[in-house]
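Let's take a walk through the inside of a protein model. Have the sequence and the 3D view ready.

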Amino acid sequence: DPSSSYTICDTDVRRYAAEALAVLVCRCECCFRDMREVVFNSLTQTLFNPDTSLYAHYGAILGIKAIGFIRNILPHLKSYLRFIKFELHNEFNFQDKAANSVLILIQTSMSEFIAESSDQDEIELATHIIEDIKKIH
């Protein structure tokens with residue numbers, strides 16, 4: 001009912017979808033061994049497509065994180081942040097709220113990644129990504 005006082009924001013819907021996707025991948029992986037990689041490839045196409053909404057990018061990052069592949073996008077996040085910075089400083093920016101949500105999600109994901117990783121090179125890269133995000137804000 002549209003007049004209902006209960007509303008769900010776009011980021012919540014994408015969070016629930018990412019959680020459901022992770023469960024689906026986990027349950028179906030025994031029958032389709034490459035499912036995680038196929039899903040990851042689909043999510044990266046969405047993430048790095050400049051024609052999709054930034055909320056779609058937000059959902060793609062959540063999905064990538066949920067299936068355990070955040071490490072795989074680390075090398076690409078620096079260039080992705082340049083895209084977000086351009087979006088935020090564009091005079092026709094209609095996605096500033098979404099861009100900020102994406103930046104917060106990446107920063108949080110990198111902090112969690114640093115806490116869980118033992119690879120010093122990856123930790124250093126994630127730390128630089130966090131520093132770049134702080135410069136954008």
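Which residues have the most contacts inside the largest nonpolar core? They are Ile 64, Leu 77, Tyr 80, Val 102, Ile 106, Met 110 and Ile 129, in a core of 36 residues. A nonpolar core here is a set of buried Ala, Val, Leu, Ile, Met, Phe, Trp, Tyr and Cys residues joined through side-chain atoms within 4.5 Å. Buried means under 20% relative accessible area, exposed means over 50%, and partly exposed is in between, using a 1.4 Å probe and protein chains only.

Before going on, some ground rules: this is a predicted model, where local features need pLDDT of at least 70 and side-chain atom pairs count only at pLDDT 80 or more, while totals for chains, interfaces and linings use all residues. Residues are numbered from 1 along each chain as its sequence is written, and side-chain values use heavy atoms, with hydrogens and water left out.

At least two of its residues come from each of α1 (10-28), α2, α3, α4, α5 (96-116) and α6 (120-136). Helix α5 gives the largest share, eight residues. (Helices are DSSP runs of H or I with at least four residues, numbered from the N terminus.) As for Met 110, it touches Ile 70, Leu 74, Leu 77, Ala 126, Ile 129 and Ile 130, leaving aside residues up to four places away in sequence. Such a contact means heavy atoms within 4.5 Å.

Now for the rings. Searching the whole structure turns up three aromatic pairs. Rings of Phe, Tyr and Trp (its six-membered ring) pair if their centres lie within 6.5 Å; planes under 30 degrees apart are stacked, over 60 edge-to-face, and the rest tilted. Here are two of the pairs:

| Pair | Centres apart | Planes at | Type |
|---|---|---|---|
| Phe 40 and Phe 69 | 5.0 Å | 50° | tilted |
| Phe 48 and Tyr 80 | 6.0 Å | 75° | edge-to-face |

Phe 40 sits in helix α2 (residues 35-47) and Phe 69 in the loop between α3 (54-66) and α4 (70-89), so their pair ties together parts 29 residues apart in sequence. Both Phe 40 and Phe 69 are buried.

What about the other pair? Phe 48 is in the loop between α2 and α3, and Tyr 80 is in helix α4, so this pair ties together parts 32 residues apart in sequence. Phe 48 counts as partly exposed at 35% relative accessibility, and Tyr 80 counts as buried at 4%. Ring pairs also join Phe 48, Tyr 80 and Phe 83 into a cluster.
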